[in-house]
Amino acid sequence: ARQIASLKDASLSNRLAEIWGTVRSSDAARRATVERYRKEMSSERLATADLSQGRQVFSQLCAPCHRLYGVGAEIGPDLTGSGRFQLDYLLENLVDPSAVVPADYRMVSISLKDGRVLNGILRKQTDRIVTLQTQGEMTPLERADISTVEPSDQSMMPEGMLDTLSADQARNLLAYLMATKQVPLPGSP
């Protein structure tokens, strides 16, 4: 998707956004953050990580939305088959989750006639019902109760998640995400 966007063909980019999703370049601050983490997380440093502790961080920070090795929720993409073995891929997605947003995970804002506004991912639509996946639940909504549905190019995944972690937690998480097999949680046999 990034390669297609790099062609800078307006009609092709519009078609890509319609079919696949949003692709944009990260700003200078986000690129600098990715570069800082890239320098901090050398292969030597990642080799000293505690994968079990990384799994613990994943369980708390990522699993409420993502699956890995069959564990976690199905709000965001399943990470098991993603490009997670590459540090750059992980850093770009963790630092700037809205840079590349596949259409199936594009957030929408739904304004209801009773004044409420709900944000989430459209999971299913029929002539009568729109099903919205929010952070906490699947919410079926009657079309008759909806005022507007506004698509966003933003990911539901918040920015700055790595910045909430200590350096050791970030190292452990990244190494766990890059691991080729599941590891036990801390304290498990």
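## Buried, exposed or in between

A residue counts as buried when its relative accessible area is under 20%, as exposed when it is over 50%, and as partly exposed in between. Keep that in mind while you look around this structure, which is a predicted model. Take Glu159: its relative accessible area is 39%, so it is partly exposed. Asp27 lands in the partly exposed group too, because its relative accessibility is 34%. Arg30 and Asp96, on the other hand, are both buried.

## A network around Arg30

What do Asp27, Arg30, Asp96 and Glu159 have to do with one another? They are linked in a network of salt bridges. The general idea is simple: side chains of opposite charge can pair when their charged atoms come close. Arg30 pairs with Asp27, and here the closest N and O atoms are 2.8 Å apart. Arg30 also forms a salt bridge with Asp96, with 3.6 Å between the closest N and O atoms. That pair links distant parts of the chain, since Arg30 sits in helix α3 and Asp96 in the loop between α6 and β4, 66 residues apart.

Then there's Glu159, whose side chain meets that of Arg30 in a salt bridge at 2.9 Å, N to O. Glu159 belongs to the loop between β9 (146–151) and α7, while Arg30 is in helix α3, so this pair ties together parts that are 129 residues apart in sequence. Across the model, the salt bridge count comes to 12.

## The buried side of α6

Now have a look at helix α6, which covers residues 87–95. Which of its residues are buried? They are Leu87, Leu90, Leu91, Leu94 and Val95. These residues lie on the same side of α6, because they cover an arc of only 110° around the axis. There's a handy general rule behind such patterns: an α-helix has 3.6 residues a turn, so residues three or four places apart point the same way. The cover over the buried residues of α6 includes α3 (28–40), α4 (43–47) and α7 (167–178).

## The largest pocket

Helix α6 turns up again at the largest pocket, where it gives the most to the lining, with 5 residues. Strand β4 (100–102) supplies at least two lining residues as well. The volume of this pocket is about 690 Å³. It is lined by 32 residues, and the closest to its centre are His66, Pro77, Leu79, Asn93 and Met157.

What classes of residue make up the lining of the largest pocket? There are 22 nonpolar, 6 polar and 4 charged residues.

Conventions: Residues are numbered from 1 along each chain as its sequence is written. This is a predicted model: local features need pLDDT of at least 70, side-chain atom pairs count only at pLDDT 80 or more; totals for chains, interfaces and linings use all residues. Side-chain values use heavy atoms; hydrogens and water are left out. On a 1 Å grid over the protein atoms alone, a cavity is a set of points where a 1.4 Å probe fits but cannot get out, and a pocket is an open set with protein on both sides within 12 Å along at least five of seven lines; lining residues have an atom within 4 Å of a point. Grid points are joined across faces, edges and corners, and a volume is the space filled by probe spheres set on the points. Helices (H or I, at least four residues) and strands (E, at least two) are DSSP runs, numbered from the N terminus. Ala, Val, Leu, Ile, Met, Phe, Trp, Tyr, Cys and Pro count as nonpolar, Asp, Glu, Lys and Arg as charged, and the others, Gly among them, as polar. Buried means under 20% relative accessible area, exposed over 50%, partly exposed in between (1.4 Å probe, protein chains only). The arc is that of the directions from the helix axis to the C-beta atoms. Contact means heavy atoms within 4.5 Å. A salt bridge is a side-chain nitrogen of Lys or Arg within 4 Å of a carboxyl oxygen of Asp or Glu.
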